Amino acid sequence: MEHGIYLVTLVGAALVVAAAFSSLIAFRFGAPLLLLFLCIGLATGTDGLGIHFDNARFAYFAGSLALAVILFDSGFGTPLNALRQAAGPALSLATFGVLLTTGLFGAAAYYLLDLTWLESFLLGAAVASTDAAAVFFLLRAGEINLRERVRSTLEVESGTNDPIAIFLTITLVEVIAANTHPEAKVLVTDLAVGFLVNMGLGAVIGILGGMAIVRLVDRLNLDHGLLPIFVLTLSLMVFAAAGAVGGSGFLAVYLAGLIAGNSDIRAVTILKRFQDGMSWLAQIIMFLILGLFATPSQFPAILVPAVLLGLFLIFVARPIAVWLCLVPFRLPRPEVAFVSWVGLRGAVSILLAITPLLGGLENGRLIFNTAFIIVLVSLIIQGWTVGPLARRLGLIVPARLGPLDKVELELPGSAHHELLAYRVAPGSPVARGERIPRWARPSLVLRDGRSMRFQDMGRLAAGDHVYIFVPDRYPRLLDKLFASRAVVDPEDADFFGAFAVDPSRSAEELETAYAPGLTEAERKLSIGDLVTTRLGGHAEYADRVLLGPIELIVRDVDDKGRITGLGLSFEPTAPVARVPVFLSAGEIRDRIAAFIRNRRKPAEAQAVEAAAEIEPVPQPVVEKTTGEG
């Protein structure tokens with residue numbers, strides 16, 4: 001007995017260590033980390049090293065708890081401004097997008113696999129949601145500096161679409177397990193009512209739970225070592241309470257994290273660090289368990305149809321669903337194409353594919369194996385190409401800041417204040433003599449092993465360590481002051497225009513200098529307000545506005561979204577996006593129209609030539625007159 005405990009602990013710890021080492025490979029080569037975790041699980045499972053694991057209930061239980069931890073951390077790290085910016089497109093994708101993907105994929109699965117219609121839609125529901133862990137990792141790995149709107153849309157969608165997919169999957173499993181054949185109208189009505197109740201209860205409990213977490217953390221004077229564990233336990237209580245009363249526990253825990261992370265919660269730095277580590281551990285455990293549970297020797301029997309379904313999901317179902325969901329928001333074609341492509345399937349799809357086994361469905365193992373192969377296809381094809389596609393579509397923008405060396409420290413009894421430790425980087429504004437604003441309180445400077453008061457140091461030098469006591473919601477201006485200059489790629493040298501423009505100047509000056517054709521109302525605005533108006537009331541870093549012969553580019557915005565820096569270019573400097581035809585309905589329409597035009601041109605030319613041959617050419621009157629001379 002005792003020997004068995006040691007052996008299990010040794011094997012489990014070795015798997016976690018191997019997964020942690022594999023993250024180095026993923027960060028270095030941009031590989032999808034989930035794929036590496038799954039491969040480690042497969043390599044050590046029944047068909048690998050021989051570790052036999054076939055407990056579906058334990059796999060689903062452990063995976064559900066791990067997913068709850070991941071979703072709470074996702075919500076905790078989602079700022080409200082990102083949610084406001086991407087709420088419409090992301091929530092449309094998380095609801096209608098999941099339903100459309102389920103329907104389209106289910107229809108294809110019915111004809112490619114030996115499944116009933118309900119079982120086909122069950123498989124579609126299992127693979128309909130994108131994986132938050134895979135999306136977050138791929139967007140943040142490899143230093144892919146995406147446009148904020150695109151990044152926010154994908155991150156919010158991946159964090160909010162899991163509850164809908166989970167509800168659909170569990171409901172369909174219950175219907176099939178009951179061996180009933182409800183009418184389509186009755187089934188749709190029951191699904192709609194159940195969905196509203198499930199999501200409504202989950203939302204209410206999540207909001208109340210998030211507020212309770214914040215209140216308890218502020219009221220209870222817990223030790224800093226115990227506080228993160230307390231918050232994590234409370235989040236799991238919110239998850240369990242919502243599920244116990246028939247609500248969506250996953251939606252509840254995500255909303256609880258969103259509310260807690262965007263409130264003035266105490267010890268936010270400690271909480272973020274702890275939750276980041278727990279989220280990594282939850283991902284590793286979930287992915288390894290799901291990899292161990294799979295049996296690769298069963299894959300060849302369904303490999304061809306499963307791969308075809310994976311390709312159908314990537315190239316047909318996801319792009320159509322995204323296009324239909326984003327039509328009302330009129331996003332640029334490259335952004336729609338990128339959102340279509342970054343619909344990675346991952347551990348959530350495999351976890352949901354376990355539910356048919358728990359429900360005792362006849363084709364449960366077939367559904368699980370098919371979903372597992374589809375996830376592998378998605379990670380292999382989409383996971384390796386996120387960065388190259390973002391560059392092709394022109395969605396990567398130059399970094400705002402260069403390297404920054406900063407440490408955030410929590411102080412006992414600081415009451416929503418923290419101590420920031422900055423190392424002065426060579427070439428940073430403070431190293432060049434820029435003053436630190438008055439609202440910041442620099443208290444100590446370390447130089448060459450000696451500590452001195454800030455007032456006695458004079459001008460800061462590169463390598464100095466400066467300690468500043470600030471509120472925990474301090475403006476990001478400090479980061480800009482202490483960061484070195486960003487290294488701009490030679491291809492991006494002209495990205496923000498050749499000239500700087502003061503956004504507070506009058507737009508009348510632009511009309512006088514360049515005659516871009518502004519209206520009378522626009523001439524009365526400042527240049528910054530003009531650009532914001534042309535952008536629909538919201539400007540973000542790297543946005544561009546074409547005004548006649550000039551182009552204005554947003555160089556920077558402040559914490560409130562106001563433009564603080566503009567560039568001017570006489571020639572469009574934005575990279576030309578080459579959108580793959582299969583990722584854009586607009587691109588397909590344009591290609592078809594171009595094909596029709598090209599077919600018409602030869603026909604019209606032949607008709608003109610034929611008409612010229614039939615009709616007699618009249619003799620010019622001038623020639624006759626000249627000839628009689």
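This is a predicted model: local features need pLDDT of at least 70, side-chain atom pairs count only at pLDDT 80 or more; totals for chains, interfaces and linings use all residues.
1. Let's start with how two helices cross: H10 passes H11 in a right-handed crossing. H10 covers residues 227–244 and H11 covers residues 249–261. The angle at which they pack is about 145°, and their axes lie 7 Å apart.

2. Which residues make this contact? On the H10 side they are Ser235, Val238, Phe239, Ala242 and Gly243. H11 contributes Gly249, Phe250, Ala252, Val253 and Ala256.

3. Is aspartate 73 buried or exposed? Its relative accessible area is 19%, and because buried means under 20%, aspartate 73 counts as buried. Setting aside the neighbours within four places in sequence, aspartate 73 is in contact with Gln275, Asp276 and Ser279.

4. Finally, a hairpin for your list. Strand S7 (residues 544–547) pairs with strand S8 (residues 550–557) in the antiparallel sense, and four bridges join them. One of the pairings links leucine 547 with its bridge partner in S8, isoleucine 550. Two residues lie between the strands of this hairpin, and glycine 548 takes a positive phi near 60° there.

Conventions:
Residues are numbered from 1 along each chain as its sequence is written. Side-chain values use heavy atoms; hydrogens and water are left out. Two strands pair if DSSP finds at least two bridges between them. Axes are lines fitted to C-alpha atoms, for helices over the stretch in contact, and angles run from 0 to 180 degrees between N-to-C directions. A crossing is left-handed if the near helix is turned anticlockwise from the far one by less than a right angle, and right-handed if clockwise. Contact means heavy atoms within 4.5 Å. Buried means under 20% relative accessible area, exposed over 50%, partly exposed in between (1.4 Å probe, protein chains only).
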